[in-house]
Amino acid sequence: MTFKLTSMAVAAVMTASPVLAELVFPSMSYRTGPYAAGGIPFADGYADYFTLLNARYGGIGGVMTSVPECETAYNTEKGVECYESLKGSGGLVYQPLSTGITYQLIPKTTADDIPMHTMGYGRTSAKNGEVFTHTFNYPANYWDGASGAINYLLAENDGDLSGKKIALVYHNSAYGKEPIRTLTELSAKHGFTFNEMPVDHPGQEQKSQWLQIRRDRPDYVIMYGWGVMNQVAIQEAANIRFPMENFIGVWWSGSENDVLAAGDAADGYKALTFHGVGRDFPIFDDIQTYVVDAGNAAGAGDQIGTVSYNRGMYAAMLAAEAAKTAQEIHGVADITPSQMRDGMAALEITEEKMAALGLPNFGPSFKVSCQNHGGDGMVGMTQWDASTQTWSLISDFSPTDSELINALVAEDSAAYAAENNITPECK
Amino acid sequence: MFYREAGDYSTTYAQDQQTFPIKFDRYRYYVVLFIAIFVVPFVINDYWVNALLLPFLIYAIAALGLNILVGYCGQVSLGTGGFMAVGAYSCYKFMTGVDIWWGGELLFRLPEFNIFFSVIMGGIMTAFVGVLFGLPSLRIKGFYLAVATLAAQFFLVWLFNRVSWFYNYSASGQISAPERDLFGILITGPSVQPWAAYLFCLVFTIISAYIARNLTRGASGRKWMAIRDMDIAAEIIGVNPLRAKLTAFMVSSFFIGISGALFFAVYLGAVEVGEAFGIQKSFLVLFMIIIGGLGSIFGSFAGAAFLVLLPVALKVVGVDWLGWPTDIVAHLQLVIVGALIIVFLIAEPHGINQLWRVAKEKLRLWPFPH
């Protein structure tokens with residue numbers, strides 16, 4: 001049959017990919033589809049940071065870096081294809097930027113001995129490094145986000161949330177469902193009423209949820225949304241005149257794309273974050289000089305300094321620092337994915353390190369260990385100013401309810417370990 | 001020269017009625033089977049299996065199933081994604097042990113099924129659900145039936161998202177396939193050898209195609225086609241529309257359920273119902289059979305191959321060869337696939353299968369076409 005021949009011809013083409021001495025940081029990006037608005041700046045930031053490293057410092061430890069890109073369109077099947085095709089390039093660490101793809105890759109990367117970094121997304125209990133040996137989710141995870149939002153509200157209400165009503169508007173997927181358990185526990189602990197409101201993919205239709213919010217009149221709304229869902233939610237909130245300062249998004253619901261569409265009505269909207277916002281960091285001068293002016297900016301080059309761009313750049317910075325750590329541990333410049341894992345497990349980000357890179361106070365300082373793959377879970381709060389069209393940090397990176405979260409992490413990871421016959425140990 | 005019938009005599013009815021009556025055709029079929037079973041497993045790696053062969057085999061089963069319903073029985077269905085989800089979730093429940101609860105207490109728990117039987121159970125459960133959603137087809141036809149099956153699609157996805165029993169109460173609502181083996185060889189989980197996953201799906205594909213082929217040229221297939229061509233006439237000549245339509249729904253859903261189970265357990269390993277089995281999936285499989293050819297077994301394979309391989313081929317050419325930006329290639333992909341579908345529908349409404357038939361006809365006469 002003819003299709004066999006075609007497939008053979010296709011695959012014959014694929015075997016040819018160059019293997020040079022370089023550090024490969026594959027980028028599983030999505031520049032198309034309903035979530036492209038968040039995917040494009042992230043991918044640009046990720047690529048630009050490595051371009052900067054190559055141009056300014058000659059790579060990492062003297063070895064040049066390269067960032068092969070593969071388009072996933074936030075789709076799990078394409079994600080599998082991308083992972084398999086990028087695996088041939090010897091990628092050091094995978095960052096799928098999709099919770100769905102993460103769930104698939106957790107067992108695969110572990111079997112292939114390749115680390116994966118799911119920064120602020122993915123499976124939260126991957127924080128337990130004894131069970132999830134190859135998955136990292138520092139510096140903060142979904143449950144830190146939920147707890148961070150509640151902590152912020154506690155501080156606003158003088159430490160007492162009893163009798164308050166808090167609603168969660170979430171993307172009805174693995175991603176959006178993550179904080180439910182934490183918020184349920186927190187509601188029992190602090191005595192607030194907690195309501196769930198799922199929004200189905202892609203989230204363009206939210207009339208009924210916001211009608212319900214108008215009827216129930218919750219004091220606060222927390223949102224776990226992504227892509228077009230965010231814009232719609234903020235617009236709907238504005239339509240029912242929900243006070244924006246009582247509306248808090250997780251970090252995936254807090255970029256320029258999400259608030260610009262609603263115009264002035266979005267003024268005062270808040271979002272959590274685990275990294276700095278804006279262009280007020282010395283590194284952006286370097287990016288201008290070495291990347292943009294040299295004509296090497298990724299994509300259209302118009303995203304620099306946006307929230308998602310900064311997040312992509314931050315992810316790249318953490319990956320590069322982990323690679324440096326790995327080089328120091330193993331004493332070789334051209335590290336393997338397995339050595340990269342050791343580097344990630346020993347990663348320590350300090351104020352001095354960030355300042356030296358031109359990113360003073362850009363994120364929390366934290367330390368990863370073999371047991372704790374999630375860092376310390378410090379989150380801050382940002383607020384949108386519609387008149388100047390900027391996000392600004394309104395509360396510093398502060399700790400979350402680690403006692404409660406660690407208990408949940410231990411429980412969920414133990415269930416995973418039992419399901420998959422994993423003996424928790426530090427390798 | 002090729003496909004020559006001269007000297008190819010049938011002396012028994014069995015010979016005359018076989019699937020490939022022409023000797024050359026038959027040998028070609030044996031060679032393809034031989035290569036697929038004995039050669040391909042030895043030369044493939046992870047990339048081949050996970051990016052090309054598994055999706056091709058699994059979508060081929062789904063296309064076979066849908067083709068029975070739409071192509072042979074003429075009942076338009078947009079519920080394929082939902083039915084695949086039923087297969088996937090049943091397979092998951094059976095492979096992890098079905099737990100029955102009553103009044104908040106665990107009544108009993110079935111033992112864990114072997115992966116092979118879990119997949120079969122996925123098919124059987126889907127067949128039940130398919131019959132249930134096929135009942136309206138006795139009263140409504142055409143577009144209206146399509147809308148009724150569309151309701152099935154949305155209802156089933158909602159159900160698997162809503163009822164946490166189906167995903168064993170996991171926090172994220174995802175189901176992930178634990179490691180399971182067949183005769184000591186791993187079939188699911190991350191450490192599966194590529195050849196094992198491939199052969200497992202290949203066995204299901206070959207058996208499905210064999211059953212589908214023989215059903216459709218037998219009595220039940222003729223009844224389906226009679227219903228498709230004119231249901232009143234079929235009823236007058238003695239075809240029971242209730243039985244014919246419901247068997248079509250049952251057989252079709254069985255195959256779709258098998259493909260859903262394989263899609264989840266062997267291919268992806270972890271799925272989320274809205275993302276993996278959404279309305280897009282229903283359309284994708286429908287496009288496969290339209291492009292491949294309605295009412296043909298070969299068409300199901302050709303359509304699946306076309307829609308699985310084309311995006312990958314375009315990506316390889318665009319990104320790896322020409323070095324274009326990934327987003328431009330992704331957009332071009334949509335444009336090219338869309339354009340090809342339109343071109344196909346205009347130039348060859350009967351799909352790839354018709355092209356193949358015409359080519360065979362020409363080859364039969366070649367080199368003396370008079």
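**Figure 1. Overall dimensions of chain A.** A compact globule of 427 residues would have a radius of gyration near 22 Å, and chain A, with 21 Å, agrees with this expectation. The view shows a predicted model. Along its principal axes, the C-alpha trace of chain A spans about 60 × 60 × 50 Å. The secondary structure of chain A consists of 14 helices and 15 strands. Of the 427 residues in chain A, 59% count as buried. Among the contacts in chain A with a separation of 6 or more, 70% are between residues 24 or more positions apart.

**Figure 2. The side of chain A that touches chain B.** Here 42 residues of chain A are in contact with 38 residues of chain B. On the chain A side, at least two residues each are supplied by α1 (2-14), β4 (69-71), α3 (76-87), α4 (99-112), α6 (174-190) and α14 (402-419). Helix α1(A) gives the most to this side, namely eight residues. By class, the residues of chain A that touch chain B comprise 13 nonpolar, 14 polar and 15 charged.

Figure 3. A:T193 is found in strand β8 of chain A, which covers residues 193-199. Is A:T193 buried, partly exposed or exposed? A:T193 has 15 C-beta neighbours inside 10 Å and therefore counts as partly exposed; a residue is buried only if 20 or more other C-beta atoms lie within 10 Å of its own, and exposed if 12 or fewer do. Leaving aside residues up to four places away in sequence, A:T193 touches A:K165 and A:S187. The C-alpha atoms of A:T193 and A:K164 are separated by 6.2 Å, although these two residues are 29 residues apart along the chain.

**Figure 4. Surroundings of A:A21 in a loop.** A:A21 is placed in the loop between α1 and β1 (23-24) of chain A. With 8 C-beta neighbours inside 10 Å, A:A21 counts as exposed. When residues up to four places away in sequence are not counted, A:A21 touches A:V63 and A:D334. From C-alpha to C-alpha, A:A21 and A:T65 are 9.1 Å apart in space, while in sequence they are 44 residues apart.

**Figure 5. Helices α3 and α10 of chain B.** Two packed helices are described by the angle between their axes and the distance between the axes. In chain B, the axes of helix α3 (residues 46-72) and helix α10 (residues 241-268) come within 8 Å and cross at roughly 165 degrees. Angles over 145 degrees count as roughly antiparallel, and α3(B) and α10(B) are therefore roughly antiparallel to each other. The crossing in which α3(B) passes α10(B) is left-handed. The contact of α3(B) with α10(B) contains 20 nonpolar residues, four polar residues and no charged residues.

**Figure 6. Helices α12 and α13 of chain B.** The axes of helix α12 (residues 279-292) and helix α13 (residues 297-321) of chain B come within 7 Å and cross at roughly 120 degrees. This angle makes α12(B) oblique to α13(B). The crossing in which α12(B) passes α13(B) is right-handed. From α12(B), the contact is made by B:L284, B:F287, B:M288, B:I289, B:I291 and B:G292. From α13(B), the contact is made by B:G299, B:S300, B:A302, B:G303, B:A304, B:F306 and B:L307. The contact of α12(B) with α13(B) has nine nonpolar residues, four polar residues and no charged residues.

Key: Residues are numbered from 1 along each chain as its sequence is written. Chains are lettered from A and ligands numbered from 1 in the order in which they are written. This is a predicted model: local features need pLDDT of at least 70, side-chain atom pairs count only at pLDDT 80 or more; totals for chains, interfaces and linings use all residues. Axes are lines fitted to C-alpha atoms, for helices over the stretch in contact, and angles run from 0 to 180 degrees between N-to-C directions. Helices (H or I, at least four residues) and strands (E, at least two) are DSSP runs, numbered from the N terminus. Angles under 35 degrees count as roughly parallel, over 145 as roughly antiparallel, 65 to 115 as roughly perpendicular and the rest as oblique. A crossing is left-handed if the near helix is turned anticlockwise from the far one by less than a right angle, and right-handed if clockwise. Ala, Val, Leu, Ile, Met, Phe, Trp, Tyr, Cys and Pro count as nonpolar, Asp, Glu, Lys and Arg as charged, and the others, Gly among them, as polar. The radius of gyration is taken over C-alpha atoms; the globule rule is 2.2 Å times the number of residues to the power 0.38. Two residues are in contact if their C-beta atoms, placed from the backbone, lie within 7 Å.
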